[in-house]
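Me: Hi! I'm new to reading protein models. Could you walk me through this one?

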Amino acid sequence: MASSRFLRRLAAGAALAATAALATGCVNETALDQLSETRPTGSAFSQALFQDYKALARSFGTVGAAAGVAFDRGGSIEMTKMDSTVGALANAYAEKALLAARGSMVEPEPGVDVPTHKMRDRLVRALERGKDAFPADAARAQAEYDCWMMNASIAQMKAASEKCRASLDASLAKLEAEAKPAAAPAPPAPQSPDSEKPAVQP
């Protein structure tokens, strides 16, 4: 009898908790679930970064199915053998998208070796100079860098990672060229000693 009362109380509490969770929209909701309803704010760079990370998050199609196209300039990376690891990757891109949508700073992924550290340093320098004047190109370069780094962490995504790396080469070079500091004006030519003399001698 006592145990049946306990079970009824437990069931009632669970139902109440489920109702409260439904009311707040928090039942098993992932970052991927929030993308459709998210409206980005912040700078033009943050809004462009949101769109690119959102495209990455959705590039896997329905996670768990053998469908989807990766984020590369040619749109040519076919994805197969989707699993929960790839689902976690898609959700990681979605989390970055949501951070960008709020106008928060989204750091590029850390490098893992000397070449990737050097590439990240190049990217950060180009972003500092160009993200305000060239927000779409800056966001594209950051998203492609993260695509290269994050996809490389999953064996079945190595080919996609290399596609993003190749695309990054073009995007980063373009941003660096656009954001290149203007050349300092040449100093005036020095005057010859005779230039101070009057044209007509007395």
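Me: For residues 64-82, how many contacts does the model have beyond four places in sequence?
Reply: The model has 54 of them for that stretch, and the pLDDT stays under 50 there. Keep in mind that this is a predicted model.

Me: What's the average pLDDT for the chain?
Reply: The protein chain averages 77, and 66% of the residues score at least 70. Over residues 1-27 the pLDDT is below 50, and this stretch has three contacts in the model beyond near neighbours in sequence.

Me: OK, new topic: helices. At what angle do H3 and H6 pack?
Reply: The angle is about 40°, and the axes of H3 and H6, which covers residues 135-151, are 8 Å apart. Their crossing is right-handed.

Me: Which residues of H3 make that contact with H6?
Reply: On H3 they are Ala44, Phe45, Ala48, Leu49, Asp52, Tyr53 and Leu56. H6 brings several residues too, including Pro135, Ala139, Gln142 and Cys147.

Me: And how many nonpolar, polar and charged residues does the contact have?
Reply: The contact of H3 with H6 has twelve nonpolar residues, one polar and three charged.

Me: Switching to pockets: what volume does the largest pocket have?
Reply: Its volume is about 210 Å³. There are 13 residues lining the largest pocket, and Phe45, Met105, Val106, Lys131 and Gln142 are the closest to its centre.

Me: Which helix gives the most to the lining of the largest pocket?
Reply: That's H5, with three residues. Helix H3 (44-58) and helix H5 (114-130) each supply at least two.

Me: Last one: how does that lining split by class?
Reply: The lining of the largest pocket has six nonpolar residues, four polar and three charged.

Notes: Residues are numbered from 1 along each chain as its sequence is written. This is a predicted model: local features need pLDDT of at least 70, side-chain atom pairs count only at pLDDT 80 or more; totals for chains, interfaces and linings use all residues. Side-chain values use heavy atoms; hydrogens and water are left out. On a 1 Å grid over the protein atoms alone, a cavity is a set of points where a 1.4 Å probe fits but cannot get out, and a pocket is an open set with protein on both sides within 12 Å along at least five of seven lines; lining residues have an atom within 4 Å of a point. Grid points are joined across faces, edges and corners, and a volume is the space filled by probe spheres set on the points. Helices (H or I, at least four residues) and strands (E, at least two) are DSSP runs, numbered from the N terminus. Ala, Val, Leu, Ile, Met, Phe, Trp, Tyr, Cys and Pro count as nonpolar, Asp, Glu, Lys and Arg as charged, and the others, Gly among them, as polar. pLDDT is the predictor's confidence in each residue, from 0 to 100. Contact means heavy atoms within 4.5 Å. Axes are lines fitted to C-alpha atoms, for helices over the stretch in contact, and angles run from 0 to 180 degrees between N-to-C directions. A crossing is left-handed if the near helix is turned anticlockwise from the far one by less than a right angle, and right-handed if clockwise.
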